[in-house]
Amino acid sequence: MTVRPPARPMLAIGGTSIATLVLAACGGSSDADTAADASDSSGTLSHVHGLGVDPADGRVYVATHNGLYTVAKGQKPKLVGDREDDFMGFTVTDESTFVASGHGAPGSGRPDNLGLIETTDAGRTWTSRSLSGKADFHSLDSTNGTVYGYEGGRIRVSSDLESWDDRATLGALDLAVNPSGDKLLATTAEGVVASTDGGRTFGKGAKPMQAFVSWPAEKSLFGLSTSGKLSSSVDGGKSWKELSAVPGGQPQALTAVDADHILAATMTGVYESRDGGKTFSELAPLAS
(Lines give C-alpha, C1' and ligand atoms only; values in the text may rest on other atoms or scores of the structure.)
Protein backbone atom coordinates (compact mmCIF):
# COMPACT_ATOMS: atom_id res chain seq x y z
CA MET A 1 0.00 0.00 0.00
CA THR A 2 1.27 3.44 -0.86
CA VAL A 3 1.39 5.55 2.27
CA ARG A 4 0.19 9.10 1.76
CA PRO A 5 0.16 11.80 4.44
CA PRO A 6 -3.30 13.19 5.11
CA ALA A 7 -3.88 16.21 2.90
CA ARG A 8 -6.90 17.52 4.75
CA PRO A 9 -6.07 20.34 7.17
CA MET A 10 -5.21 19.52 10.77
CA LEU A 11 -7.94 21.47 12.52
CA ALA A 12 -9.59 21.08 15.92
CA ILE A 13 -13.36 20.94 15.90
CA GLY A 14 -15.42 20.79 19.06
CA GLY A 15 -12.56 19.36 21.11
CA THR A 16 -11.98 16.57 18.62
CA SER A 17 -8.96 16.87 16.35
CA ILE A 18 -9.70 16.91 12.65
CA ALA A 19 -6.36 15.13 12.30
CA THR A 20 -7.91 12.16 14.11
CA LEU A 21 -10.90 12.24 11.81
CA VAL A 22 -8.71 12.50 8.75
CA LEU A 23 -6.49 9.61 9.78
CA ALA A 24 -9.56 7.50 10.36
CA ALA A 25 -10.92 8.40 6.94
CA CYS A 26 -7.72 8.35 4.89
CA GLY A 27 -5.73 5.65 6.59
CA GLY A 28 -2.15 5.40 7.75
CA SER A 29 0.60 2.81 7.62
CA SER A 30 -0.17 0.02 10.05
CA ASP A 31 -0.68 -3.73 10.06
CA ALA A 32 -4.38 -3.15 10.67
CA ASP A 33 -4.61 -1.01 7.54
CA THR A 34 -2.84 -3.67 5.50
CA ALA A 35 -5.28 -6.29 6.73
CA ALA A 36 -8.23 -4.04 5.98
CA ASP A 37 -6.95 -3.29 2.49
CA ALA A 38 -6.54 -7.00 1.81
CA SER A 39 -10.11 -7.64 2.91
CA ASP A 40 -11.49 -4.92 0.61
CA SER A 41 -11.01 -7.07 -2.49
CA SER A 42 -13.19 -9.78 -0.93
CA GLY A 43 -16.11 -7.43 -0.31
CA THR A 44 -15.34 -5.70 2.98
CA LEU A 45 -15.31 -1.93 3.20
CA SER A 46 -12.72 0.25 4.89
CA HIS A 47 -11.87 3.98 4.86
CA VAL A 48 -15.02 5.52 3.36
CA HIS A 49 -14.56 8.88 1.63
CA GLY A 50 -17.91 9.43 -0.09
CA LEU A 51 -21.49 8.19 -0.46
CA GLY A 52 -24.13 8.56 -3.14
CA VAL A 53 -27.29 7.15 -4.70
CA ASP A 54 -27.72 6.73 -8.44
CA PRO A 55 -31.09 8.28 -9.38
CA ALA A 56 -31.27 5.87 -12.31
CA ASP A 57 -31.87 2.81 -10.12
CA GLY A 58 -31.57 3.81 -6.46
CA ARG A 59 -28.34 1.90 -5.85
CA VAL A 60 -26.10 3.09 -3.02
CA TYR A 61 -22.45 3.75 -3.90
CA VAL A 62 -19.58 3.93 -1.43
CA ALA A 63 -16.28 5.58 -2.43
CA THR A 64 -13.42 4.05 -0.45
CA HIS A 65 -9.64 3.88 -0.10
CA ASN A 66 -9.69 0.82 -2.37
CA GLY A 67 -12.34 1.43 -5.00
CA LEU A 68 -16.00 2.23 -5.55
CA TYR A 69 -18.54 -0.23 -4.16
CA THR A 70 -22.28 -0.79 -4.24
CA VAL A 71 -23.96 -1.81 -1.00
CA ALA A 72 -27.40 -3.16 -0.13
CA LYS A 73 -28.83 -4.46 3.10
CA GLY A 74 -28.11 -8.14 3.64
CA GLN A 75 -25.61 -8.33 0.77
CA LYS A 76 -21.83 -8.16 0.56
CA PRO A 77 -20.40 -4.95 -0.87
CA LYS A 78 -19.53 -5.31 -4.55
CA LEU A 79 -16.58 -3.61 -6.24
CA VAL A 80 -17.72 -1.60 -9.28
CA GLY A 81 -15.50 -2.12 -12.31
CA ASP A 82 -11.88 -3.11 -11.76
CA ARG A 83 -10.34 0.10 -10.38
CA GLU A 84 -9.13 -0.22 -6.80
CA ASP A 85 -8.09 3.43 -6.74
CA ASP A 86 -8.27 5.59 -3.63
CA PHE A 87 -11.50 7.50 -4.29
CA MET A 88 -11.35 10.69 -2.23
CA GLY A 89 -13.82 13.36 -3.38
CA PHE A 90 -16.98 11.81 -4.86
CA THR A 91 -20.45 12.99 -5.84
CA VAL A 92 -23.35 11.88 -8.04
CA THR A 93 -24.18 14.50 -10.68
CA ASP A 94 -26.88 12.78 -12.79
CA GLU A 95 -28.29 9.38 -13.69
CA SER A 96 -25.36 6.91 -13.85
CA THR A 97 -23.02 9.93 -13.85
CA PHE A 98 -20.54 10.59 -11.05
CA VAL A 99 -17.41 12.70 -10.64
CA ALA A 100 -14.53 11.80 -8.34
CA SER A 101 -10.92 12.42 -7.46
CA GLY A 102 -8.17 10.75 -5.47
CA HIS A 103 -5.15 8.57 -6.14
CA GLY A 104 -4.38 5.86 -8.67
CA ALA A 105 -3.92 2.40 -7.21
CA PRO A 106 -0.26 1.31 -6.85
CA GLY A 107 0.86 -0.48 -10.03
CA SER A 108 -2.14 0.78 -12.04
CA GLY A 109 -0.12 3.25 -14.10
CA ARG A 110 -2.59 5.99 -13.19
CA PRO A 111 -1.25 9.18 -11.62
CA ASP A 112 -0.97 9.58 -7.88
CA ASN A 113 -3.25 12.62 -8.17
CA LEU A 114 -6.15 11.73 -10.45
CA GLY A 115 -7.47 15.25 -10.91
CA LEU A 116 -11.17 15.17 -11.80
CA ILE A 117 -12.50 11.95 -13.32
CA GLU A 118 -16.02 11.20 -14.55
CA THR A 119 -18.10 8.12 -15.21
CA THR A 120 -21.30 8.01 -17.27
CA ASP A 121 -21.91 4.28 -16.78
CA ALA A 122 -22.30 4.17 -12.99
CA GLY A 123 -18.64 3.61 -12.20
CA ARG A 124 -17.77 0.80 -14.57
CA THR A 125 -15.42 3.00 -16.59
CA TRP A 126 -13.92 6.43 -15.90
CA THR A 127 -12.60 9.27 -18.06
CA SER A 128 -10.07 11.87 -16.98
CA ARG A 129 -11.66 15.30 -17.43
CA SER A 130 -9.05 17.70 -16.03
CA LEU A 131 -6.06 18.31 -13.73
CA SER A 132 -4.69 14.78 -14.12
CA GLY A 133 -1.50 14.46 -12.09
CA LYS A 134 -2.06 17.91 -10.58
CA ALA A 135 -5.05 17.86 -8.24
CA ASP A 136 -6.59 15.73 -5.50
CA PHE A 137 -10.07 16.94 -4.53
CA HIS A 138 -11.04 15.86 -1.03
CA SER A 139 -14.58 17.18 -1.24
CA LEU A 140 -16.87 17.57 -4.25
CA ASP A 141 -20.44 18.77 -4.62
CA SER A 142 -22.50 19.94 -7.58
CA THR A 143 -25.72 21.64 -8.59
CA ASN A 144 -27.15 22.96 -11.84
CA GLY A 145 -24.18 21.67 -13.84
CA THR A 146 -21.56 23.40 -11.69
CA VAL A 147 -19.04 21.40 -9.65
CA TYR A 148 -17.58 22.80 -6.42
CA GLY A 149 -14.39 21.22 -5.12
CA TYR A 150 -12.00 21.59 -2.22
CA GLU A 151 -8.41 20.89 -3.18
CA GLY A 152 -5.10 21.96 -1.71
CA GLY A 153 -6.72 24.41 0.71
CA ARG A 154 -8.70 26.13 -2.05
CA ILE A 155 -12.26 26.29 -3.29
CA ARG A 156 -12.23 25.47 -7.01
CA VAL A 157 -15.28 25.74 -9.28
CA SER A 158 -15.99 24.42 -12.78
CA SER A 159 -19.02 24.47 -15.07
CA ASP A 160 -17.50 22.26 -17.77
CA LEU A 161 -15.26 19.86 -15.75
CA GLU A 162 -12.27 21.15 -17.69
CA SER A 163 -11.51 24.73 -16.70
CA TRP A 164 -11.42 25.76 -13.04
CA ASP A 165 -11.83 29.06 -11.24
CA ASP A 166 -9.78 29.21 -8.04
CA ARG A 167 -11.63 31.05 -5.30
CA ALA A 168 -11.24 31.36 -1.51
CA THR A 169 -8.40 29.77 0.42
CA LEU A 170 -9.42 28.25 3.75
CA GLY A 171 -8.95 25.21 5.96
CA ALA A 172 -12.00 23.00 5.44
CA LEU A 173 -13.07 19.39 5.64
CA ASP A 174 -16.33 19.28 3.68
CA LEU A 175 -18.46 21.36 1.29
CA ALA A 176 -22.18 21.55 0.57
CA VAL A 177 -23.97 23.74 -1.96
CA ASN A 178 -27.70 24.43 -1.84
CA PRO A 179 -29.89 23.25 -4.76
CA SER A 180 -30.27 26.73 -6.21
CA GLY A 181 -26.50 27.23 -6.14
CA ASP A 182 -26.54 30.60 -4.39
CA LYS A 183 -25.02 29.46 -1.08
CA LEU A 184 -21.98 27.32 -0.32
CA LEU A 185 -21.09 25.95 3.10
CA ALA A 186 -17.75 24.65 4.37
CA THR A 187 -16.96 22.94 7.67
CA THR A 188 -13.98 24.48 9.45
CA ALA A 189 -12.36 24.68 12.88
CA GLU A 190 -14.27 27.91 13.48
CA GLY A 191 -17.61 26.30 12.65
CA VAL A 192 -19.69 26.13 9.49
CA VAL A 193 -18.82 29.06 7.23
CA ALA A 194 -21.08 30.31 4.45
CA SER A 195 -20.47 31.94 1.08
CA THR A 196 -23.08 33.75 -1.00
CA ASP A 197 -20.74 34.55 -3.90
CA GLY A 198 -19.84 31.07 -5.11
CA GLY A 199 -16.98 30.47 -2.70
CA ARG A 200 -15.07 33.68 -3.34
CA THR A 201 -15.54 34.90 0.22
CA PHE A 202 -16.88 33.35 3.43
CA GLY A 203 -18.41 34.76 6.58
CA LYS A 204 -17.59 33.90 10.17
CA GLY A 205 -17.94 30.37 11.48
CA ALA A 206 -21.26 29.42 13.07
CA LYS A 207 -21.87 26.76 15.69
CA PRO A 208 -22.66 23.98 16.33
CA MET A 209 -19.53 22.48 14.83
CA GLN A 210 -20.10 20.01 12.01
CA ALA A 211 -17.63 17.68 10.33
CA PHE A 212 -19.76 16.92 7.26
CA VAL A 213 -22.72 18.69 5.65
CA SER A 214 -25.19 17.76 2.92
CA TRP A 215 -27.92 19.95 1.40
CA PRO A 216 -30.50 18.04 -0.69
CA ALA A 217 -33.33 20.61 -0.53
CA GLU A 218 -33.54 24.31 0.30
CA LYS A 219 -35.13 23.68 3.70
CA SER A 220 -33.38 20.37 4.37
CA LEU A 221 -29.73 20.80 5.34
CA PHE A 222 -28.02 18.09 7.38
CA GLY A 223 -24.84 18.18 9.46
CA LEU A 224 -22.86 15.40 11.12
CA SER A 225 -20.63 16.26 14.08
CA THR A 226 -17.27 14.66 14.83
CA SER A 227 -19.00 12.51 17.45
CA GLY A 228 -21.54 11.23 14.93
CA LYS A 229 -24.54 13.31 15.99
CA LEU A 230 -26.85 14.23 13.12
CA SER A 231 -28.58 17.62 13.04
CA SER A 232 -30.84 19.37 10.55
CA SER A 233 -31.41 22.99 9.59
CA VAL A 234 -34.32 24.58 7.74
CA ASP A 235 -32.71 28.03 7.48
CA GLY A 236 -29.45 27.30 5.69
CA GLY A 237 -27.38 26.63 8.80
CA LYS A 238 -28.38 29.62 10.93
CA SER A 239 -29.95 27.28 13.48
CA TRP A 240 -29.78 23.51 13.97
CA LYS A 241 -31.94 20.81 15.54
CA GLU A 242 -30.23 17.65 16.80
CA LEU A 243 -31.95 14.54 15.47
CA SER A 244 -30.05 11.42 16.49
CA ALA A 245 -26.67 9.77 16.89
CA VAL A 246 -25.51 7.66 13.97
CA PRO A 247 -24.18 4.29 15.20
CA GLY A 248 -20.41 3.94 15.24
CA GLY A 249 -19.40 7.32 16.58
CA GLN A 250 -16.76 9.21 14.59
CA PRO A 251 -18.02 9.87 11.04
CA GLN A 252 -16.31 9.38 7.69
CA ALA A 253 -18.95 10.64 5.21
CA LEU A 254 -22.48 12.04 4.91
CA THR A 255 -24.89 12.32 1.98
CA ALA A 256 -28.54 13.27 2.20
CA VAL A 257 -30.40 12.14 -0.91
CA ASP A 258 -33.54 14.03 0.07
CA ALA A 259 -35.27 15.19 3.26
CA ASP A 260 -35.99 11.60 4.32
CA HIS A 261 -33.20 9.47 2.81
CA ILE A 262 -29.82 9.94 4.50
CA LEU A 263 -26.57 7.95 4.24
CA ALA A 264 -23.76 8.14 6.76
CA ALA A 265 -20.51 6.25 7.23
CA THR A 266 -18.83 5.96 10.61
CA MET A 267 -15.97 3.92 12.04
CA THR A 268 -18.16 0.80 12.16
CA GLY A 269 -20.26 0.85 9.01
CA VAL A 270 -22.38 2.48 6.35
CA TYR A 271 -25.81 3.40 7.71
CA GLU A 272 -29.07 4.49 6.12
CA SER A 273 -32.07 6.45 7.38
CA ARG A 274 -35.42 6.56 5.62
CA ASP A 275 -37.17 8.72 8.20
CA GLY A 276 -35.24 11.96 7.99
CA GLY A 277 -32.46 10.91 10.34
CA LYS A 278 -34.55 9.76 13.29
CA THR A 279 -33.33 6.16 13.03
CA PHE A 280 -30.55 4.37 11.11
CA SER A 281 -30.01 0.79 9.96
CA GLU A 282 -26.73 -0.77 8.81
CA LEU A 283 -26.20 -1.33 5.10
CA ALA A 284 -22.65 -2.72 5.40
CA PRO A 285 -20.03 -3.04 8.15
CA LEU A 286 -16.55 -1.55 7.91
CA ALA A 287 -13.42 -3.58 8.55
CA SER A 288 -12.18 -2.99 12.06
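User: What are the ground rules for the model here?
Analyst: The model is predicted, so local features need pLDDT of at least 70 and side-chain atom pairs count only at pLDDT 80 or more, while totals for chains, interfaces and linings use all residues. Residues are numbered from 1 along each chain as its sequence is written, and side-chain values use heavy atoms, with hydrogens and water left out.

User: How many helices and strands does the chain have?
Analyst: Two helices and 25 strands. Both are DSSP runs numbered from the N terminus: helices are H or I with at least four residues, strands are E with at least two.

User: What percentage of the chain is buried?
Analyst: Buried residues are 58% of the 288 in the chain. Buried means under 20% relative accessible area, exposed over 50%, and partly exposed in between, with a 1.4 Å probe and protein chains only.

User: And the contacts, what share join residues at least 24 apart?
Analyst: 41%, counted among contacts between residues at least 6 apart in sequence. A contact means heavy atoms within 4.5 Å.

User: Now sheets. What is the strand order in the one with β16?
Analyst: It is an open sheet of three strands, β15-β16-β17, with antiparallel pairing. Two strands pair if DSSP finds at least two bridges between them. β15 (175–177) and β17 (191–195) each have a single partner strand, so one side of each is left without a neighbour in the sheet. The twist from one strand to the next averages 20°; axes are lines fitted to C-alpha atoms, for helices over the stretch in contact, and angles run from 0 to 180 degrees between N-to-C directions.

User: How many bridges between β15 and β16?
Analyst: Three, with β16 covering residues 184–188. Val-177 has Leu-184 as its bridge partner, and Ala-176 has Leu-185. The two strands form a hairpin with six residues between them, and Gly-181 in the turn has a positive phi of about 80°.

User: And on the β17 side, how many?
Analyst: β16 and β17 pair over five bridges. Ala-186 is partnered by Val-193 in β17. This hairpin has two residues between its strands.

User: Which strands make up the four-stranded sheet?
Analyst: β11-β12-β13-β14, in that order, open and antiparallel. β11 and β14 (165–169) are the edge strands, each pairing on one side only. β11 and β12 share five bridges, and Ser-142 has Val-147 in β12 as its bridge partner.

User: Switching to the largest pocket, what is its volume?
Analyst: About 890 Å³.

User: What lies nearest its centre?
Analyst: Thr-91, Val-92, Asp-141, Ser-142 and Thr-255, out of 44 lining residues.

User: Which strand supplies the largest share of the lining?
Analyst: β7, with seven residues. Strands that each give at least two include β7 (86–94), β11 (139–143), β12 (146–151) and β15.

Notes:
1 Å grid on protein atoms, 1.4 Å probe; cavity = no way out; pocket = protein on both sides within 12 Å on 5 of 7 lines; lining within 4 Å. Points joined across faces, edges and corners; volume = space filled by probe spheres on them.
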